[in-house]
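Here is a friendly walk through one protein model.

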Amino acid sequence: MGKKEGGEGEESSSTTTTLPLFESKTARFRGVYRVFASTIFVGACLIWVYRLINIPKAGERGRWAWIGMLMAEFLFGLYWIITQSVRWSVTYRQPLKNRLSQRYEEKLPGVDVFICTADPKMEPPSLVINTVLSVLSCNFPSEKLSVYLSDDGGSQFTFYALLEASRFSKYWIPFCKKFKVEPRAPEVYFTLHSDVNDTKYGPEWFDTKKLYEEMKNRIDSVVESGKIPEETRNQHKGFSEWNLKVAKNDHHSIMQIITDGRDTNAVDNDGCRLPTIVYMSREKRPQQPHNFKAGAMNALLRVSSEISNAPFILNLDCDMYANNADAIREALCFFLDEKTGHETAYVQHPQFYNNLTKNDIYGNACFVTNAVELAGLGGYGAALYCGTGCFHRRECLCGKKYSKGYTEKWNIDGQNSTIDKSIQELEESTKPLIDCSYEKGSQWGKEMGLIYGCPVEDIVTGLAIQCRGWKSVYYNPERPSFVGVAPNTLEIALVQQKRWSEGMFQIFFSEYCPFIYGHGKIHFGAQMGYCLYLLWAPVSFPTLYYALVPPLCLLHGIPLFPKVSSLWFLAFAYVFVAKNAYSMVEFVMCGGTLKAWWNLQRMWLIRRITSYFFAFFDTIKRQLGLSETHFALTDKVVTDDVLKRYEQEVLEFGSSSIMYTVMATSALLNLVSLVLGTKRVVMDLELKALDQFISQVILCGILVLINIPVYEALFLRSDKGHIPSSVMYKSVFVLTLACLMPI
């Protein structure tokens, strides 16, 4: 069993021991793993020594290829050392929500929920309201819960959908609490529970499902028609906001309080108070920077401080519904613990997805990342802020620095001074807070709120908070607290990875580089752990080199690895076999399948030679002032045929992306090299070739196996998801040039 730690403390005014609100356990078998990791390190050192003492002399064939192999293997080894930094500190935390209820039930703090959406076409309103409804119905006092929807698309259809959801919530909230429904996103719940035969439960289930389907059909019909019916527009004053010009990137500030949680008459069908529901669309003008999601979050911070001003904030992406009704209570255990709670700035949950295939064709599940890597950073008190599924202390998010004398003020009565203001007064007073000009000359985006200027503003914001002295908690519950939608085409997955890797590499070059900004402020292991992600982009180079140069050298008859009969071969063989065997076992122990592990190896190869490779150059261009930061929104809508292929675990290509050209060229090169290399080793029956080139043949063979879906998409498939002929022609042309190049 792991070692318990943290959470314990004593009341200062009593001799009675105050029980902790959470428990911590360190990972098991740390010592065994460290011994194993040490053997890998020794093997890597032997590989470096072999490369150094066997560099071909000037003028010999393959000298520069050999030097390139040395550099690639050194970078691989260095990156592997960085990965170990998070494994030394893996810590698992478990909240004790029953103790929280016993101690704070009558004085639980308020919680504001921020949900961001940006495009009603890529993020359908019916998807957005499922996230809204899932948090509205959480097991938490409704009068202390407020839900804010930021709509950067300025869409009247999103507003209409939220209005419909607020009406349906009067039925959905009591239904969920009465029957302890899980999960509480109606679309997911009714899909998972399609047949209810309980005579007491059944009638209400059918009635609630009917109400939901009617609401969903109304929303979808209005969106499809492209027009809000006049009768509906007359039912709520909010639609008058769209009487003026409202375009996605050009519109005025829109603020609508749909449900006022202060109103004792705003109740559900059981007579219980409803949570506050607010719609916000900040002003946008074509010539004014709006800073994407970070700008939306900062606008929400200002607006919510005037309406509900809850001391704790949960932020969610619009597709990330609450999957655990007790998620809020569990997170508060970390904030309200008497011993360490006052040090905690935020509590980050891992990202899970409900649309993964059995063997996770696109490697979205992140089994090891969630179970090991992020838990390791959390062990240093430096959990990554991932942009969704995160609970924040409002003060920390607004720029407050931690000091040893800090005391929490969440339980002070009269904290919110808006009790006497009407809805109209609040709406009018908060509109200026979301105007384009409000942040000019202020510290918003610098010292206050989320930090601007980076595509992964969440990561850099989390680092900045930690460098102000705060700790952060990573919590990976048995039942996922928040569940979203993963990319289900290869192009969307690669574009998303490119945006992430580009943004994280920008951080490494910025003033927020962990080794500079975090020096003396966060643990050195945490600095290394951050770089595990910040250096995704440059790791593309050794990977691309290994995927291209060994097969090219095999074609030209240049050996790059020690002979099988040499003792040096053992170092290469041990590192390769041991590292991959451990990776496979760890992956399966974390919940994956062997085929999913194999799919992940394919995705790591594809990501590194495409997404990360192009992200590197885009980052360099930005550093040189040759390009600007762009935000690529992930599409949540796919056609039926694409969805069918995804469910069948068939890779979806279907476009002429330049990333596919690189991927196809690499795949074809390894196929050609395997055929000719095998001919050299087997057909010619050269024992010398067998001894010298078998390693390169095996490497090509592994890469060919990984790329089998690519060959199918190039030559065998005829569906719309195949690789276009134009990509194949370009790849063959590039391959021909590469084969003619001298090495």
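## Glu 123

Glu 123 counts as buried because its relative accessibility is 5%, where buried means under 20% relative accessible area, exposed means over 50%, and partly exposed lies in between (1.4 Å probe, protein chains only). You can find Glu 123 in the loop between β6 (111–117) and α4 (125–136). Helices (H or I, at least four residues) and strands (E, at least two) are DSSP runs, numbered from the N terminus. The side chain of Glu 123 forms a polar contact of 2.8 Å with the side chain of Thr 117. Such a contact is a pair of N or O atoms within 3.5 Å; within protein, one must be able to donate a hydrogen and the other to accept it, and residues adjacent in sequence count only if both atoms are side-chain atoms.

Before going on, note that this is a predicted model, in which local features need pLDDT of at least 70, side-chain atom pairs count only at pLDDT 80 or more, and totals for chains, interfaces and linings use all residues. Residues are numbered from 1 along each chain as its sequence is written, and side-chain values use heavy atoms, with hydrogens and water left out.

## The annotated binding site

Which residues does UniProt list under "binding site"? The unreviewed entry gives Glu 123 and Asp 152. They span 30 residues in sequence, yet no two of their C-alpha atoms are more than 11.3 Å apart, so they gather at one spot. UniProt positions are given in the numbering used here, feature names are shortened, and annotations may be inferred rather than shown by experiment.

Asp 152 sits in the loop between β7 (145–151) and α5 (156–179), and is buried, with a relative accessible area of 6%. Leaving aside residues up to four places away in sequence, Asp 152 touches several others, including Thr 117, Lys 248, His 251 and Arg 282; contact here means heavy atoms within 4.5 Å. With Arg 282, the side chains make a polar contact of 2.8 Å.

Asp 458 belongs to helix α14 (residues 457–467) and is buried, at 10% relative accessible area. Beyond residues up to four places away in sequence, Asp 458 touches Tyr 385, Cys 386 and Gly 387.

## Gln 156

Helix α5 also holds Gln 156, which is buried, with a relative accessible area of 18%. Not counting residues up to four places away in sequence, Gln 156 touches Ile 228, Arg 233, Phe 239 and Trp 242. The side chains of Gln 156 and Arg 233 are joined by a polar contact of 3.0 Å.

## Two packed helices

Helix α23 (residues 658–683) packs against helix α25 (residues 708–716) at an angle of about 100°, with the axes 10 Å apart. Axes are lines fitted to C-alpha atoms, for helices over the stretch in contact, and angles run from 0 to 180 degrees between N-to-C directions. The residues in contact are Met 663, Ala 664, Ala 667, Leu 668 and Leu 671 of α23, and Val 710, Tyr 711, Leu 714 and Phe 715 of α25.
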